[in-house]
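Biologist: Please show me the model. I would like to go through its sheet, its pockets and its cavities.

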Amino acid sequence: FRTHPFEVPADCEFVIEGYIDKNEPLVIEGPFGDHTGFYSLEDLYPKLHVTCISHRKDAIYPATLVGIPPQEDKYIAIATEKIFLTPIQFTMVPEIKDLHLPEEGVGHNIAIVKIDKSYPGQAIKVAHALWGAGQMMFNKIMFVTDEDIDIRNREALLENIRLNYTPRRDTHFSRGPLDVLDHSAPQCGYGGKVMFDLTRKLPEERGSYPSLNNKELSAIKFYRKGDSSPKNGALINIVVDDNTDLSDAYSLLWLWGSNCDPIRDSGYEGDSLVMDSTTKVKGKDGFTRDWPGFALSSRETIAAVDSKWESLGIGDFIESPSLKFS
């Protein structure tokens with residue numbers, strides 16, 4: 001463009017030119033606050049030598065704020081649902097009828113998939129197909145339902161878990177690529193995945209598993225680590241840190257997707273599944289990585305935004321999510 005003989009799209013707002021010397025040693029990047037709601041961990045990356053920065057007249061710098069969700073980037077995840085769906089249907093998994101990426105899953109930790117099921121094991125086939133489809137490979141927790149379920153209706157999904165899910169039969173674990181920002185993974189960019197098969201079971205899939213009286217159990221229940229309550233009060237039991245607010249369903253789902261490696265942190269108690277979504281400690285219980293802090297806004301920033309909110313005309317006042325974890 002200016003310092004390189006390359007063309008750039010005419011509608012670029014900014015152009016950053018430079019080069020990477022492959023013979024140079026990698027340099028430490030981070031930590032940075034990221035869209036996961038946590039700081040990224042330090043890691044080694046190539047160094048970019050910037051030779052020129054140019055921009056169009058009255059350029060707009062496209063950026064979103066990141067931190068404890070919900071944040072602006074949740075709308076990117078909503079758009080991603082539609083952007084991914086049609087190409088996946090046409091090229092890989094035609095039985096998919098809908099895809100939902102709940103904002104609590106920060107775009108990749110949690111996915112809910114609706115399929116037109118016609119043969120045994122189809123939910124497992126779909127899960128592995130999606131885990132091999134572009135950036136869907138970063139997904140960690142997936143629910144697969146029949147096509148008559150409203151996957152954006154939380155209560156309908158929980159009822160479907162109670163009706164069609166038997167933990168020891170319908171929990172399917174795998175391993176594969178994860179986002180490099182996933183701090184709970186055993187290694188950077190690689191760890192466990194889990195799919196919950198919520199489809200109605202065909203005769204070939206029922207096996208010899210006992211029929212649970214699932215209507216008497218909760219679908220998903222969260223417990224504090226020090227809680228003496230039994231961990232099998234639900235089909236899926238999730239353990240969180242002792243200082244966690246159990247009335248904040250939004251944050252609980254976010255912490256589940258963020259702080260749990262499905263293979264390392266899962267086990268069965270009786271007929272129920274238990275998953276550990278607590279903070280991990282480096283050097284304890286085999287965990288070898290650093291654990292990041294929350295990406296929080298400062299008190300000064302929160303006060304500044306609060307004072308300007310009414311004058312900005314951006315809708316009803318929303319309390320900063322950072323205050324939950326300050």
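**Sheet, pockets and cavities**

Modeller: Helix α3 (residues 154-164) lies across β10 and β11 (234-240), running at about 105° to β10. This is a predicted model: local features need pLDDT of at least 70, side-chain atom pairs count only at pLDDT 80 or more, and totals for chains, interfaces and linings use all residues. Residues are numbered from 1 along each chain as its sequence is written, and side-chain values use heavy atoms, with hydrogens and water left out.

Biologist: At what angle to β10 does helix α6 run?

Modeller: Helices (H or I, at least four residues) and strands (E, at least two) are DSSP runs, numbered from the N terminus. Contact means heavy atoms within 4.5 Å. Axes are lines fitted to C-alpha atoms, for helices over the stretch in contact, and angles run from 0 to 180 degrees between N-to-C directions. Helix α6 (residues 249-259) lies across β10, β11 and β13, and its angle to β10 is about 80°.

Biologist: Which strands stand at the edges of the sheet?

Modeller: The open sheet has 4 strands in the order β10-β11-β13-β12, with mixed pairing. Two strands pair if DSSP finds at least two bridges between them. Each edge strand has a single partner, so one side of each is left without a neighbour in the sheet; these are β10 (218-224) and β12 (266-269).

Biologist: Which residue in β13 is the bridge partner of E269?

Modeller: β12 and β13 (residues 272-276) run antiparallel, joined by 4 bridges. In β13, the partner of E269 is S272.

Biologist: Which helix gives the largest share of the lining of the largest pocket?

Modeller: A pocket is an open set of points on a 1 Å grid over the protein atoms alone, with protein on both sides within 12 Å along at least five of seven lines; lining residues have an atom within 4 Å of a point. The largest pocket has a volume of about 690 Å³. Of its 22 lining residues, L65, Q71, V305, W309 and P321 are the closest to its centre. The largest share, 5 residues, comes from α7.

Biologist: What is the volume of the largest cavity?

Modeller: In a cavity, a 1.4 Å probe fits but cannot get out. Volume is the space filled by probe spheres set on the grid points, which are joined across faces, edges and corners. The structure holds 2 cavities of 30 Å³ or more. T36, H108 and D179 are among the residues lining the largest cavity, and its volume is about 50 Å³.
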